[in-house]
Amino acid sequence: MDFPHFNQDIAEELQHAAGTSGGLSKYLDFRHTEFSAGRLVVEMDARADLLTPFGTLHGGCLSAMVDHCLGVVFYPVIPPGSWVATTEFKLNLLQPVSSGVCVAVTEIIALGKRSGVARIDITNAGRAVCAAQGTVTVVGQRAGTS
């Protein structure tokens with residue numbers, strides 16, 4: 001895919017922002033390890049405090065990772081002053097995670113003026129553990145605002 005609005009400066013800023021932005025992404029310690037036009041790679045440790053009583057990573061952690069990746073991947077490729085809002089996503093939890101690092105690879109598969117779609121595949125120790133796809137609404141800057 002071609003991304004005529006790709007802004008490398010925004011990608012670099014966001015690559016280093018995950019751990020400093022606060023909120024859920026800081027608590028779950030998302031780390032952006034690669035960011036290029038239409039592609040984002042994020043890591044998260046399956047820490048003991050995130051495990052269920054059955055010893056597996058809570059599915060909500062992977063869901064939060066999907067939502068985080070879905071939103072962030074679009075910012076460097078949308079027009080300046082625009083923002084995105086998650087419209088929906090669907091995920092399949094394929095295998096349980098009990099330790100190690102979860103790696104989410106996100107790729108934009110469609111981008112229009114008003115919406116975008118991305119696929120997020122999460123692995124753990126080389127095993128596919130989550131497959132997801134989601135849609136965002138692209139909201140443009142309103143006339144008369146800066």
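Reader: Which residue in β5 is the bridge partner of Ala-104?

Author: In this predicted model, the bridge partner of Ala-104 in β5 is Ile-122.

Reader: What makes β4 and β5 a pair?

Author: Two strands pair if DSSP finds at least two bridges between them. β4 and β5 are joined over nine bridges, in the antiparallel sense, so they meet that condition.

Reader: Why are β1 and β3 called edge strands?

Author: The open sheet has six strands in the order β1-β2-β4-β5-β6-β3, with antiparallel pairing. β1 (31–36) and β3 (83–93) each pair on one side only, and are therefore its edge strands. From one strand to the next, the twist averages 20°.

Reader: How do you know that α3 packs on the sheet?

Author: Contact requires heavy atoms within 4.5 Å. α3 touches β1, β2, β3, β4, β5 and β6, and its direction makes about 140° with that of β3.

Reader: What makes the 36 residues a nonpolar core?

Author: The term is used because such residues are buried, of nonpolar type, and joined through side-chain atoms within 4.5 Å; buried means under 20% relative accessible area. The largest such set has 36 residues, and Met-44, Met-65 and Ile-122 are among those with the most contacts inside it. Elements supplying at least two residues each include β2 (39–45), α3 (59–72) and β4 (101–111). The largest share, eight residues, comes from α3.

Reader: Which residues is Met-65 in contact with, leaving aside its neighbours within four places in sequence?

Author: Met-65 is in contact with Phe-30, Val-42, Glu-43, Met-44, Cys-102, Ala-104 and Ile-122, once those neighbours are left aside.

Key: Residues numbered from 1 in each chain as written. Predicted model: local features only at pLDDT ≥ 70, side-chain atom pairs only at ≥ 80, totals over all residues. Heavy atoms only, no water. Buried < 20%, exposed > 50% of the residue type's maximum accessible area, 1.4 Å probe, protein only. Helix = DSSP H or I, 4+ residues; strand = E, 2+ residues; numbered from the N terminus. Axes fitted to C-alpha atoms, helices over the stretch in contact; angles between N-to-C directions.
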